[in-house]
Amino acid sequence: MTSFIDYSINGLIIGNIYAMLAVGLALIFGVSNLINFAHGSVYMVGAYIGWICISYLHTPLLVTILGVVVGCALLGMLIERVGLRPLASTARIAPLLATIGISFVLDQVVQLIFGADPRALPSQLPNWRLQWGSGTIGALDLLIAGIGLTAAVLLFCFLRFTKLGWAVRATALDREAAMQMGVNVHAVNQTVFAIASALGGLSGLLVGMYYNNIYPAMGFQATLKGFIAELIGGAGSVLGAVLGSLLLGLIESYGIALLGTSYRNLFAFLLLIVVLVWRPNGLLSRTRQLPPEPLTGTFIAPSRPVQVPRWAVLALAGVALLLPLVVQNTYLLQTLTNAWLYAILALSLTLVAGTAGQMSLGHAGLLAIGAYASALLAIDLGVSVGTAILLAGVITAGLGTLLIFPAFRLRGHYVTIATLGIGEIVGLVILNWEWLTHGPIGISNIPPLSLFGVELYDTASIYWLSLGALLGLALVQWRLLGSHLGRTLRALRDDDVAARTYGISLNRYKGLAFAVSGFAAGISGAITAHMYSYINHETFNIQIAVLAVTMIILGGMGNILGAIVGAVALISLPELFRGAAEYRMLIYGIVLLLLIRFRPQGLMGTV
Amino acid sequence: MLAIENLTRRFGGITAVNAINLNVAPGETVSVIGPNGAGKTTLFNLITGLDTPDEGTISFEGQVINGKSPEQLATLGLARTFQHGRVFANLSVLDNVLVGAHTRLRAVRPAFPVLGPLAELALALIRPASVRAEEQALREEALSILEIFGERLLPRKDQPAFSLSYANRRRVEIARALASRPRILLLDEPTAGMNPTETAEMLEVIRTLKQRGLTILLIEHKLELVMQLSDRVLVMDNGRAIAEGLPNEVRNDPKVIEAYLGHQTVGHANREAQEELELVA
């Protein structure tokens with residue numbers, strides 16, 4: 001009984017923190033229809049501002065809070081100015097991708113300044129606990145509850161009684177109408193970003209104090225939890241976000257009580273998928289509604305792809321194939337091998353994200369399935385490596401499609417969130433399914449690449465194997481795009497309602513796209529596993545998924561040659577700046593931002 | 001052919017479609033008219049499966065089709081256009097029309113889960129002679145459909161649809177619907193946003209389709225067009241059917257005149273509608 005009350009209090013406190021994140025996300029979604037991926041990074045920055053205040057400046061608690069609120073509000077306004085305002089008239093996916101880029105940049109900048117290691121964030125509160133019934137409440141718990149309630153009351157009064165608050169609500173209801181009535185929508189957006197970011201930063205500070213631990217990568221999990229809480233309540237609903245957060249906090253807390261800490265996130269993501277599938281518009285949503293009729297497709301930047309003559313493509317492939325005969329430089333060949341493997345991933349992603357319009361952030365999960373499948377087949381069942389890699393492709397195609405199937409009924413940004421959640425679930429299942437995957441220890445001594453019984457150790461052979469796989473898969477994708485399937489997938493991307501009206505079953509064609517995509521991703525993951533000889537649940541992380549997104553945008557969405565060009569550019573160019581290896585992720589983030597702003601159709605154009 | 005009985009759809013407190021009955025015989029052209037917000041487009045959405053009715057039945061060739069998905073209805077031979085135009089923006093004009101023929105492709109037929117799509121994928125990748133011949137025949141047919149619109153679309157057949165004018169997008173939609181060889185064609189305001197010349201052209205196009213024996217259900221605001229094309233007219237107002245009959249009967253029905261003129265408050269619109277009615281009369 002004691003523990004039940006403790007777990008309930010703990011759940012509500014955590015829920016309160018989620019609520020501060022989710023309310024901000026809901027406000028932003030309300031006025032700008034944007035899912036803000038940079039929100040967790042603001043939360044992390046808030047924690048670090050708090051750390052500076054407490055450890056360097058030795059400020060009292062109230063000043064610390066004020067510092068975090070002001071600092072994060074300013075950061076929020078900057079994000080609106082850089083990530084949202086210039087992109088108002090572009091494809092709907094552009095601002096979302098921009099916030100991913102901003103998030104990357106913020107995380108990397110903080111990591112470069114403070115280092116990747118965790119730091120202690122001392123709580124500035126007395127260390128007493130209040131006996132309450134059979135449980136206890138600490139001073140920090142009360143502070144969190146107090147700040148949460150105060151923020152809710154202030155926000156309610158702001159939205160209800162101030163002129164700017166009215167403008168915010170009017171913009172959320174109908175942006176165009178609000179503009180015509182003289183509402184300065186930019187000012188509204190900026191206000192909302194400021195409020196949301198201040199709340200986010202504050203919750204970062206409180207979480208840092210609660211666990212006495214902060215680190216630069218802490219924002220990513222916070223973003224996800226905020227999304228989940230927001231989506232449970234229904235995107236854009238402030239009240240829904242609060243309820244969703246408390247529910248999420250409680251369910252996580254009870255889940256931990258039943259099964260242990262490593263299951264916390266698994267519960268959160270399963271809850272997300274269940275809600276998305278069962279009530280895609282959230283628990284508080286009203287009845288079914290038809291999506292509005294667009295005048296044109298809105299997903300992808302309209303452009304005409306760059307035409308590359310077939311002989312030029314064949315010549316390039318020939319040069320790539322002959323390269324190891326001419327060049328003996330091991331380092332160059334290894335870099336290119338890496339680029340070919342990433343290019344397979346980019347091909348896989350560009351088919352679903354570019355051609356079929358389902359922007360997936362779960363492709364790291366597909367790589368992981370392929371890698372584990374091939375490694376386990378080779379080690380536990382003694383399957384030959386070549387066969388294991390092919391089987392891994394088939395398994396990834398089937399399992400990946402099955403896992404993403406619940407997300408098929410979702411549209412637009414929700415697909416991105418759901419695939420992200422599914423990718424995380426894959427990682428968590430690998431972590432917890434110990435008898436199969438060896439859990440956190442990972443799999444070592446994976447047999448090296450081999451073909452027809454000949455083990456491939458030398459750089460040139462591995463290079464050819466990767467390039468051969470890439471060329472084969474690119475050929476398959478080229479045939480696919482040229483057939484009626486290419487036309488069908490692009491039709492469902494441009495307008496799924498019209499596509500259905502002409503007999504295109506969304507499940508069937510999304511399934512096909514994800515199956516082909518999963519096959520390619522599985523092959524890439526499998527080859528990587530045999531090349532590395534060691535993998536664990538963190539080998540294929542969300543950074544790889546975001547990198548793949550950057551590659552396909554750089555090359556041009558849906559464009560086969562573009563995916564390969566994007567992969568080669570992003571893998572080989574940072575190698576030119578070898579001295580600055582720690583800046584690599586920062587460079588990727590900035591490249592993504594610049595591309596979205598100045599060349600959304602990519603180098604080769606969207607198809 | 002199409003029979004609608006007691007069809008009702010409510011949104012919260014509003015009854016957008018209220019106990020509508022409608023029959024369309026093969027080869028007939030029936031128009032649905034009424035002021036903005038009368039529930040015409042909702043009626044179309046209910047018929048084509050994009051929305052589900054709260055009450056009533058829709059049957060098509062004797063088969064009840066309520067609750068069937070749009071993709072199932074497409075295979076039965078229902079084709080529609082959309083009020084504001086829903087072309088596939090990044091597809092060429094020709095590809096847009098070919099998507100219309102999707103249900104007719106042989107590779108698409110096998111409907112077994114998993115195996116059907118895999119067979120389709122294999123056919124698409126290998127492309128045996130039969131598949132290539134089918135694709136070629138469809139392309140020729142698509143071109144002949146584009147010819148209906150004269151020089152409007154043919155010279156632009158390889159341009160992406162986002163580069164087309166508004167009127168041309170509407171034409172592409174009709175061409176796409178025709179490529180499915182529909183048994184019934186539902187047109188939602190095909191001349192919205194078109195100037196008088198373009199409207200006259202569209203009238204000729206629809207007349208041609210009618211002469212070919214196509215069954216047409218038409219939503220339209222331009223009464224002149226309705227009077228010239230329709231065999232019968234259904235007038236809706238506030239979700240209800242307020243009149244039904246031959247174009248001439250409906251035009252002189254006092255309830256119809258009231259619906260268009262009586263309870264509408266915006267003076268300017270009134271005058272225009274009145275002038276139009278008088279013009280037609």
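Two strands pair if DSSP finds at least two bridges between them. Helices (H or I, at least four residues) and strands (E, at least two) are themselves DSSP runs, numbered from the N terminus. With that in hand, look at chain B, where Val235(B) has Ala243(B) in S10(B) as its bridge partner. Strand S9 (residues 232-237) of chain B and strand S10 (residues 240-245) of chain B run antiparallel, joined by 5 bridges. The hairpin they form has 2 residues between the strands, and Asn238(B) takes a positive phi near 50 degrees there.

A quick word on what you're looking at: this is a predicted model, in which local features need pLDDT of at least 70 and side-chain atom pairs count only at pLDDT 80 or more, while totals for chains, interfaces and linings use all residues. Residues are numbered from 1 along each chain as its sequence is written, and chains are lettered from A and ligands numbered from 1 in the order in which they are written.

Now step back to the whole of chain B. Its secondary structure comes to 11 helices and 10 strands. The radius of gyration (taken over C-alpha atoms; the globule rule is 2.2 Å times the number of residues to the power 0.38) is 20 Å for chain B, close to the 19 Å the rule gives for 281 residues, so chain B is as compact as a globular protein of that length. Its C-alpha trace spans about 65 × 40 × 30 Å along the principal axes. Of its 281 residues, 43% count as buried, meaning that 20 or more other C-beta atoms, placed from the backbone, lie within 10 Å of the residue's own.

Over to chain A, which has 24 helices and 4 strands. Here 54% of the 607 residues count as buried. The radius of gyration of chain A is 25 Å, which agrees with the value near 25 Å for a compact globule of 607 residues.

For a closer look at packing, find helix H2 (residues 39-57) of chain A and helix H4 (residues 93-114) of chain A. Their axes (lines fitted to C-alpha atoms over the stretch in contact, with angles from 0 to 180 degrees between N-to-C directions) come within 9 Å and cross at roughly 25 degrees. That makes H2(A) roughly parallel to H4(A), a label for angles under 35 degrees. Residues in contact have C-beta atoms, placed from the backbone, within 7 Å; among those that meet are Gly40(A), Met44(A) and Tyr48(A) in H2(A), and Ser103(A), Leu106(A) and Phe114(A) in H4(A).

Terms used
A residue is buried if 20 or more other C-beta atoms lie within 10 Å of its own, exposed if 12 or fewer, and partly exposed in between; C-beta atoms are placed from the backbone. Angles under 35 degrees count as roughly parallel, over 145 as roughly antiparallel, 65 to 115 as roughly perpendicular and the rest as oblique. Two residues are in contact if their C-beta atoms, placed from the backbone, lie within 7 Å.
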